[in-house]
Amino acid sequence: MREEEIEKLRGVVRDCVSKHLYSSAIFFADKVAAFTEDPADIYMQAQALFLGRHFRRAFHLLNASKIVLRDPRFRYLAAKCLEELKEWDQCLAMLGDAKVNEHGYVLDNKDHSGMYLDKDCENREINIAAATCFLRGKAYEALENRTQARLWYKAAIKADPLCYEALECLIESHMLTCDEESSLLSSLQFGPEDGWLSSFYACLIKKYDKENIIEARFKELERESCNSKSSDPSFIRTLETNTDLLACKAEYYHQCGEYQKCFELTSVLLEKDPFHLKSTLVHLAAAMELGHSNELYLMACNLVKDYPQKALSWFAVGCYYYCIKKYDQSRRFFSKATTLDGTFAPAWIGYGNAYAAQEEGDQAMSAYRTGARLFPGCHLPTLYIGMEYMRTHSFKLAEQFFVQAKTICPSDPLVYNELGVVAYDMKEYNKAAWWFEKTLACVPSPLSEMWEPTVVNLAHSYRKLKVYREAIAYYEKALALSTRSLSTYAGLAYTYHLQDHFTAAITYYHKALWLKPDDQFCTEMLSIALMDECQNGMDPKADLRRSEVFV
């Protein structure tokens, strides 16, 4: 057969692959390889077998070739076959004995030189070294060696910043702390044309930087444009409506506590792309915070129907039951989600929260500890462990875990808030006020209702320090965020009472009792305030000292 006829057959194979006619591709690739015995054609045949899910046969064909251990592409495809067969130890053996250091740099790179076999490539491709490192990481993660998996994923993204899957695994499995993620991104060597990619990656990592920094990243990406017809400005396209970018923005809104804004954005995204799973997860989280049980029910039904084998689907069912306070059922479905995918962090946290909601501390702590062990880059399990210790009044232990959470994520205002709460409970009011002020300094302006308890706590701290003017200012700021807080009205009333402003105190005691008519503290203090106002000529603080109670 002449060379031009062979080349036509190669074209047929490529066309069959592009049309997903894999049996046809296998048939013609086998004939081309038989005619030529060219390594490139053997590789093409193996590719066709792999795509047709004939993994054993593809591996046998590659392993029987004389260059499988000399050419990185043969070796990589053979390892991919073993990956699909779940033979992880053999997969690692096929990839070779290269080592990686703690910074993600490969110490032995000799396997990655070899002949170039892909005759149908584009001008730009993912470095084979990066793909090999990524596959090593997947194998180690499947073998539950997450330390090695993390190092190889870092090696993959460092070998080629275009290897997005490696970064995705590091982020979604919470393998890196906030500082480690930022350090990794700053170490990547992007090409001169990849400025947009560097900005996009910066939006994917944890979003606890200052508000103006995060917003600047989003705006920079939204301005990134492409003009398909340089003479016509109407053909300019930007990333402003890109689903992945908007999903990142929704995540940021969720982290800021702007749940309604997050929910509205994810609702629009899911209308545009109903099967965008990253948006789906953020949408579920926002719906949970807002108490939208009907939305959770509909989402859960659709996910279970479309993706019965995905952890996200059963996590959604657990979220629905958690939202309607059926915690036993929610635990069952969170547990099912962790069984389907042990690396799905939200399910472990939901599982612990469902136990904590019923004050089953030991089981909650067990779930949180598992989460902390599996996801060293996620500070939330450690934070929740501290909260459980707070619930049992083990304040010193709680503080230790809050400090540990702060080490993992130094810029999350929620961690600062909990450090302030534990300091307040230990009667360290100066320290508590400092932490609460630090919390509010890290929160984007204007404050959302989510941070109203922090403002109230800061007001309580100032009241304890007898800085009444500041206390009253923060109580009033809290009332601007929420007018349904008993603690705010009671605290404001008590502060006025301590200053002998009896009329204002009585007014706010009445407002507090309107919210909760049987509140013992407000009832007793209202009586005392009325007596004090009647006896204004006497020592107004005498009775108050006898009956002072901590709010």
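This is a predicted model: local features need pLDDT of at least 70, side-chain atom pairs count only at pLDDT 80 or more; totals for chains, interfaces and linings use all residues.
Figure 1. When residues up to four places away in sequence are set aside, T243 touches L269, K272, H276 and S279.

**Figure 2. The protein as a whole.** The protein has 30 helices and 2 strands, and its C-alpha trace spans about 115 × 60 × 45 Å along the principal axes. Of the 551 residues of the protein, 49% count as buried. Among contacts between residues at least 6 apart in sequence, 54% join residues that are at least 24 apart.

**Figure 3. Packing of helices α3 and α5.** Helix α3, formed by residues 39-51, packs with helix α5, formed by residues 72-84, at an angle of about 15°, and their axes are 11 Å apart. Because angles under 35 degrees count as roughly parallel, α3 and α5 are roughly parallel to each other. The crossing in which α3 passes α5 is left-handed. On the α3 side the contact is made by P39, I42, Y43, A46, Q47 and F50, and on the α5 side by R73, F74, L77, K80, C81 and E84. Sorted by class, the contact of α3 with α5 has 8 nonpolar, 1 polar and 3 charged residues.

**Figure 4. Packing of helices α7 and α8.** Helix α7, covering residues 128-142, and helix α8, covering residues 146-159, pack at an angle of about 165°, with 7 Å between their axes. Because angles over 145 degrees count as roughly antiparallel, α7 and α8 are described as roughly antiparallel to each other. The crossing of this pair, α7 and α8, is left-handed. From α7, the residues A129, A130, C133, F134, R136, G137, K138, Y140 and E141 meet R146, Q148, A149, W152, Y153, A155, A156 and A159 from α8. By class, this contact of α7 with α8 has 11 nonpolar, 2 polar and 4 charged residues.

**Figure 5. H20 in the loop between α1 and α2.** H20 is found in the loop that lies between α1 (3-18) and α2 (22-36). Although H20 is not a glycine, its phi is positive, at about 60°. The relative accessibility of H20 is 56%, so the residue counts as exposed.

**Figure 6. K427 in the loop between α23 and α24.** The place of K427 is in the loop between α23 (413-425) and α24 (429-442). K427 has a positive phi of about 65°, although the residue is not a glycine. With a relative accessible area of 55%, K427 is exposed.

Figure 7. Leaving aside neighbours within four places in sequence, C319 is in contact with M288, L296 and F334. C319 and T523 are separated by 204 residues in sequence, and their C-alpha atoms are 38 Å apart in space.

Figure 8. E399 lies in helix α22, which runs over residues 395-408, and the residue is buried, with a relative accessible area of 13%. If residues up to four places away in sequence are not counted, E399 touches L419, V422, M426 and K431. E399 and M387 are 12 residues apart in sequence, while the distance between their C-alpha atoms is 9.2 Å.

Figure 9. For residues 486-519, the end C-alpha atoms lie 9 Å apart, and the span is 79% helix and 0% strand.

Key:
Residues are numbered from 1 along each chain as its sequence is written. Side-chain values use heavy atoms; hydrogens and water are left out. Axes are lines fitted to C-alpha atoms, for helices over the stretch in contact, and angles run from 0 to 180 degrees between N-to-C directions. Helices (H or I, at least four residues) and strands (E, at least two) are DSSP runs, numbered from the N terminus. Angles under 35 degrees count as roughly parallel, over 145 as roughly antiparallel, 65 to 115 as roughly perpendicular and the rest as oblique. A crossing is left-handed if the near helix is turned anticlockwise from the far one by less than a right angle, and right-handed if clockwise. Contact means heavy atoms within 4.5 Å. Ala, Val, Leu, Ile, Met, Phe, Trp, Tyr, Cys and Pro count as nonpolar, Asp, Glu, Lys and Arg as charged, and the others, Gly among them, as polar. Buried means under 20% relative accessible area, exposed over 50%, partly exposed in between (1.4 Å probe, protein chains only).
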